[in-house]
Amino acid sequence: MEEKTKWYKLSIEETLKELKSSPEGLSTEEAKARLNTYGPNELIKKKKKGPIRMFFDQFKDFMIVVLIAAAVLSGIIGDLKDTIAIAVILLLNAVLGFVQEYRAEKAMEALKKLSAPLATVIRQGRVTHVKASELVPGDIVLLEAGTMVPADIRLMEVYQLKIEEAALTGESLAVKKHVSALVDDDLPLGDRKNMAFKGTVVTYGRGKGVVVATGMDTELGRIATMLQESEEPKTPLQKRLAAFGKRLAIAIILICTVIFLFGILRGEPVLLMLLTAVSLTVAAIPEALPAVVTISLAIGARKMVKQNALIRKLPAVESLGSVTYICTDKTGTLTENRMKVVQIYLDGKIIDVENNADVKENRDFLLALALSNDVQMGDGNKAVGEPTELALYEFAAKLGFDKFDLLSEYPRVNEIPFDSDRKAMTTIHKTDSGYISFTKGAADVLIEKSTSMALKGEIDETTRDVLLKMNEKMASEGLRVLAIGMRRFDSIPEDLSPEYIENDLVFLGLVGLMDPPRKEVFDAIEACKKAGIVPVMITGDHPVTARTIALKLGLITEENSSVITGAELERLSEEEFKEKVEHIRVYARVAPEQKLKIVKALQDRGHFVAMTGDGVNDAPALKRADIGVAMGITGTDVAKEAAHMILLDDNFATIVKAVKEGRKIYDNIRKFIKYLLATNSAEVWTLFLAPFLALPLPLLPIHILWINLITDGLPAISLSAEPEEGDIMNRKPRPPRESIFAHRLGIDAIWIGLLMALLVLALQHWELSRGNENWQTMVFSTLCFAQLFNVLSIRTEKESAFSRGLFSNKPLVYSVLFSVLMQFAVIYLPVMNNFFRTSPLSLRDLAVVLGLSSLVFFIVEFVKMLRRKKSK
């Protein structure tokens, strides 16, 4: 295959021959062999940071460099042990930082792989789905509205196919495609109308084609250097914390400068004070905050995948806790999307679906059900397709009208794809005597377009009213009602527009399909209400069907059961709708474009909106929503691309689970920040206040770095594994602009830090007055253990730590035990005594240390108890 073959000039037969392919597609073995030859169908991305660079980047911080320089200087003119000890601790810190960053990177990569797009292909004559990255030249690909074109394709079949190619050509209008070979040389991309290009979007119709180029050989690949991925955008929380970290760093540097100057004035060695000030700066500046937020969000997002919620955009995780409205589609999200034909209206009467004889008499009706759908034969001779169409196909097949047997007698020659504005779909078939079109769609729409009834003659206004009432009766029983119509032609019409083909129809009958509500949705809606979230149903179904389902689910009550239709919504001005929007729970007969109007109105009223969608026309509403939620099973590529989150099971209950998980993740990030600020401020308060209380330097530089390593490291990270608190879904949603430091977080961090510092300084004063030579080891250990006791209490914001149970967060328990053992090693192992300037503590001294440090836990628990009583 030549690299610069002008595929648009070749006929379909020549293209297939050149690619050694056929309409039945490649074999699985041939596809694998070609994948090895051509490589994955991916654009080359910007090279990412490797593990080695990631590790050495941990030493790039300016204050770390200053500390290393000061430690080296100390080793040259003083004791080499200090230099070695500081170097080892910095190395361990770098390893911890590297592990955190690497885990975050891997978690993000895993999420990207999960959200990788799929392509529908024909291989070995069977329709199957493969990862778009596994497409190879010669693959036969099926395209339909909402699909992102996965590779460069020479089209073989088109049915009203239109593709928007703005990504390549800048032309915003969709291009209508055909399959004829073109003769001109060097046609611009926009004029190659028998081609579909990677990265463009199918906006209408459907088609089939053969892959001619993949990856960097595609037209998109040729300009890939201009499309290199930029760095992952930071989430709002990361940005706020990065800005806060900078302000905090300035304050800490100023405080450490004061500590340094005071030490010099008091006659402390200059090098010791420099090492102390720099060590404190390194330990106290929470430079890891944004990185830890990334880890928490990424790992949280990975957990959500297990609950069938795939996060595409990381900010969605932190935003989930702010959702006040969930606007959801009905079919497949609130219901099972497992359609079954349960009622039929034919020849003026309702027919029991079990009464096959009555139904079989109406051949045209059954032909329409069998033929007017896009059901395909998939793997294992199993029919695959959209649930409603599958139900109609299966019903007709059961009565002996199998689509795949009938197509040879009634081949499809053209079609008008389903359109949410028209609410109808039409297929045109050749017959022995001419052509026939079958149209199915919304009953009220087709009744209006029909002029006669099979076996009943012309439709007058009275007949039309009878049909509309029958539609309402079936809809009131919670059925999804479709009307079926047909029209005959002597020859294929020149005008294939919906306005012509879908008019003057012969009305064949009504089909009632049942799609039962999902069992888990009842509890999910109840959970929403308790959590202060308003669930709203948006559907294209009949208002009576919508109302019946909404009543069943508890979305509305008999007393407050108003339903607004798309037509009524259209008549309302923006201001009028804004006034009413908070009181509407059910929208029926709504066009996807109107979802955008609903989102905007709710946002203008100050709400934080999650909106579900699956079609091409849903994309603007999904983009505009605070959390756009696409369907993983029925959703189009366009909807998934626009969404923040994808429901892998298309289930409403999954959104509620994701909200709960999002609230938990945000709570745990708050706990981590509170803990980090409290521990760091304790070290700053201790060294800052000591000179004012006429006390000698309480801690050595190595002590500060060690405390930072064993308390800010594993215990802090383990807080991300903390289970949710009991009231998590009984709270109102968090205001989106609420500070991370709201609800006394900042104040708590300061007073808890000050409490630890005062306990430590009181101990230092007391032990010095007693002449205890081990006072510094006691101060050092008390501060270390106080911080570990603090993490056990900070696990909960309101609940008692005793009610939580010690082992509800095993990673935290293990990391605290590990930190305790490490501190005991520093106190009692001679080799560690040598490096850390510590002395073994007597039983009395150890009891004082543990008793005093545990006070932090009990005081924080006492304050929480007072707050619980006050809130009651």
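Is P411 buried, partly exposed or exposed? I opened the notebook with that one. P411 comes out at 30% relative accessibility, so I log P411 as partly exposed. The cut-offs put buried under 20% and exposed over 50%. I am working from a predicted model, so every entry here is read from a prediction.

**Entry: around P411**

I placed P411 first. P411 is in the loop that runs between α15 (403-406) and β14 (412-419). Then I looked for its contacts, leaving out residues up to four places away in sequence. That gave me I428, H429 and K430. I also checked the spacing to I428.

**Entry: the whole protein**

I stepped back for the overall numbers. I find 34 helices and 26 strands in the protein. Of the 872 residues, 55% count as buried. I also looked at contacts between residues at least 6 apart in sequence. In 73% of them, the residues joined are at least 24 apart.

**Entry: the sheet of 8 strands**

In what order do the strands of the open sheet of 8 strands stand? I read it as β8-β26-β25-β24-β9-β21-β23-β22, and the pairing is mixed. The edges are β8 (309-311) and β22 (564-565). Each has a single partner strand, so one side of each lacks a neighbour in the sheet.

I then picked one pair inside the order. β24 (residues 609-613) and β25 (residues 627-631) run parallel and share 4 bridges. Within that pair, I find A610 opposite I627 of β25.

**Entry: strand β7**

I wanted to know how covered β7 is. Strand β7 (residues 201-213) is mostly covered, with 12 of its 13 residues buried. I followed its pairing next. With β3 (residues 140-144), β7 runs antiparallel over 5 bridges. L143 has G207 of β7 as its bridge partner. With β4 (residues 152-164), β7 is again antiparallel, over 10 bridges. In that pairing I see Y159 opposite R206 of β7.

**Entry: α26 against α30**

How far apart are the axes of α26 and α30? I get 10 Å, for α26 (residues 652-689) packed with α30 (residues 775-794). The packing angle is about 155°. Angles over 145 degrees count as roughly antiparallel, so α26 is roughly antiparallel to α30. The crossing of α26 past α30 is right-handed.

I listed the residues that meet. On the α26 side they are K671, K674, Y675, A678, T679, A682, E683 and T686. On the α30 side they are L783, Q787, N790, V791 and I794. Sorted by class, this contact has 6 nonpolar, 4 polar and 3 charged residues. Among the charged ones I count K671, K674 and E683.

Technical notes. Residues numbered from 1 in each chain as written. Predicted model: local features only at pLDDT ≥ 70, side-chain atom pairs only at ≥ 80, totals over all residues. Heavy atoms only, no water. Pairing = 2+ DSSP bridges. Helix = DSSP H or I, 4+ residues; strand = E, 2+ residues; numbered from the N terminus. Axes fitted to C-alpha atoms, helices over the stretch in contact; angles between N-to-C directions. Parallel < 35°, antiparallel > 145°, perpendicular 65-115°, else oblique. Left-handed = near helix turned anticlockwise from the far one by under 90°. Contact = heavy atoms within 4.5 Å. Buried < 20%, exposed > 50% of the residue type's maximum accessible area, 1.4 Å probe, protein only.
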